[in-house]
Structure formats: structure tokens, C-alpha cells
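Q: Hey, can you walk me through this one? I'd like to start with the strands and then get to the helices.

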Amino acid sequence: MSANMKRRVGPGQAKPVLKVQDLAVHYQLEQGGLLRSETVPLRAVDGMSFELYRGETLGVVGESGCGKSTLARALLGLVRPRRGRVLWLGQDLTQLDEKALRKKRKEIQIIFQDPLASLNPRMTVGDIIAEPLWTFYPKIARVQVEERVRGMMKMVGLLPNQINRYPHEFSGGQCQRIGIARALVLNPQLIICDEPVSALDVSIQAQIINLLRDLQRKLRLSLLFIAHDLAVVRHISDRVMVMYLGRAMEVASADALYRRPLHPYTSALVKAVPIPDPALARQPVDTGLTGDMPSPLNPPAGCVFHTRCPYAVKRCQLEVPPLRRLEHGDWVACHRAEELDLTIVKRPSSTV
Ligand code: SF4
């Protein structure tokens, strides 16, 4: 789909369905030896704020270890945050007890990264897809369940006559379709897709992304699509949020973010996207980044990105740049966003 064919959803709509405010998830880790050890906080998510609108896909990207999956788990209530609010249709999920949270999972579902590992190998496909129905509607008639399951299989591109087969009889892409059918069977409003295609071959990735995009339009779902691959995220997202060391660096419309990033880290990620041409792919690309991502056990003071940023100045080591909204509506956490021109010069055959 060409970028400018995307429908307009997102900010501008009346109210977000999901509003996250200053969310932080810290784990306490033991460090040291036998004789002496100390507890240090790992700031997996450290003050995230963003909104998601009905029918919108928000892509979430960042290197591994940046806190993407912890964010997904915190939104689902699978880990309790240290602080912050997760407002789902106006209700703060962080204040609910386990029982109330379980009820909410009818509305918010997840698709996992490893399709085969996430399916119970001893259950038939029919039972896997039906399980959430039995959990939430224990008195539902068998015939109704089977009808619903067959309908879901058809909707995700599986043959309903394979209802009694087992996961090992399916390919990775088909297993992910089973996972999608299971996530959709309760008619949720939000689906969190946690790296749903990263374990699949490239050709299958495109099929699953197209399927998710079609289902999202048809059912008017909101999607939070987590990936480490910017090229993948672009093709499904209306807006993209870039994460680094547990924080949001930039939240912008997908088109703008790939054309003219506002944050130096986003710019480096866009430049690093591989080119599907063997000759060009061998040419070194200067992303401007230096070094590796620091440990989240010991994040840098000031701007967490300053140790790798080619544009860092003294102020960056001292002051944390807040995530702030610029005039045209996109968000960035960089002291120098207005003065930097990070426009991307498109490489031939680039996938973004
Ligand atoms: S605040 Fe400074 S270190 Fe951080 S991204 Fe901006 S220029 Fe780079």
C-alpha cells in the first residue's frame, strides 16, 4: 500500500481508546557475588506516555532490550507498573484487581512472537481457537462455538475442514493465523501484536501483515504493533513510536517519520534499514550512531541517548529532554529537534 493511501485516523478523533500516562515498570535485580550482593533497579519502561485511537495502528520500534515487550505486558496487566496510568476507554487498568483485569482481556488481546510455541501442541486447532470462548462464556452451546471457530478460520485464511488438526501439522505462517483467529474470537477492540512476524520468513511476513491490515480495517480494530524492523512497521502503521532505553524518543505519523525524522535515533534507525539489492546492501551505511545501547541497569544521565548521539551538546548530559509536542502535532524528546534537519535522502531500492 502506498503511504499516501493510508486513511486518516489518530489524533484529531474525539477521544483515544487507550491513553497511557507516565507508565514505568522497574524490576529489582540482584547483583554481586556470594558474600556481597545488592539490589539494583532495571528501568524496563521509564515514563511512557502515548495515545491510541479507534481503528488506528501504532507501530512501536526499537532495538532489543528497549522495553517494547515489557510495555506490552504492562498494558495487559501481566506486570504491575511502578507508577503511571493505563486508561482503557477511560478506566484505569492499573487500579483493577486480577478478576476485573481478566474480564477486560475480552476487549484487549495479544498475538505472540513465536506462533508454534504459543499454541498448545496437545490441543486441536478448533479447541485452541475456541478456548477463550469457553473461558468467558462457559454455558455457550457447542454448535455455536464450532460455527464461530469455523468462521474465524475462514476469516484468517485457514480451511475450516482442518479444525481437528494439531499445530505441528501447520507451517509457521499458518500457526500465526491460528494465533490471530484465537485473538479475534472474542471480538476484541484492541490487539497488541508483540513481534508477530519476526519468527517468520520474509515472504510469509508480508502475507501476515496484509492479513492483519485487512482484518483491522474490516473490524475497525486498534492495533499496537511491536517490531524491531522499521520496514515492517511502516507498512502497517498510521503512526510510529520509537523507543530507546524504556522511553519514547519520537511519536509521529508513519509518512513523516520515514521522510523527516525529528530525533537523531529515529534517523539512525531509518538509515539502517536494509536494502533488498545485494550490490547496494554491501555498501556501508553511515547511521551516525556510535557504540552500543547502554545497559538499562545504568542508563546515562540527561538524555539517555547522549552517549551515542552525533549531535549531543553539554546540555544533553545534564537535562532529560521531555517528550513534547511540536507545532505540527508530532512528539519528540530532543533538546535540539527544531534546529536539526534530519531529512532522509532516499537510497535507491530502499525498502522504506
Ligand atoms: S537531546 Fe541531545 S543527545 Fe539527546 S537526541 Fe537530542 S541532541 Fe542528541
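Q: What order do the strands of the open sheet come in?
A: This is a predicted model, and in it 8 strands line up as β6-β7-β8-β3-β9-β10-β12-β11, with mixed pairing.

Q: Which ones are the edge strands?
A: Those are β6 (108–111) and β11 (324–325), and each of them pairs on one side only.

Q: Okay, β6 and β7: how many bridges join them, and do they run parallel or antiparallel?
A: There are 4 bridges between β6 and β7 (residues 190–194), and the two strands run parallel. To find your way around there, look for Q109, which stands opposite I191 in β7.

Q: Which strands does α5 touch on the sheet?
A: Helix α5 packs against β6 and β7, and its direction makes about 175° with that of β6.

Q: And what does α1 lie across?
A: Helix α1 (residues 68–75) lies across β3 (57–61), β7, β8 (222–227) and β9 (239–244). Its angle to β8 is about 150°.

Q: Switching to helix pairs: at what angle do α5 and α6 cross?
A: The axes of α5 (residues 172–184) and α6 (residues 202–219) cross at roughly 20° and come within 10 Å.

Q: Is the crossing left-handed or right-handed?
A: Right-handed, as α5 passes α6.

Q: Which residues in α5 and α6 meet?
A: On the α5 side you'll find G173, Q176, R177, I180 and L184, and they meet α6 residues including I204, Q207 and L211. The contact residues divide into 8 nonpolar, 3 polar and 1 charged.

Note on methods: Residues numbered from 1 in each chain as written. Predicted model: local features only at pLDDT ≥ 70, side-chain atom pairs only at ≥ 80, totals over all residues. Heavy atoms only, no water. Axes fitted to C-alpha atoms, helices over the stretch in contact; angles between N-to-C directions. Left-handed = near helix turned anticlockwise from the far one by under 90°. Contact = heavy atoms within 4.5 Å. Nonpolar A, V, L, I, M, F, W, Y, C, P; charged D, E, K, R; others polar. Pairing = 2+ DSSP bridges.
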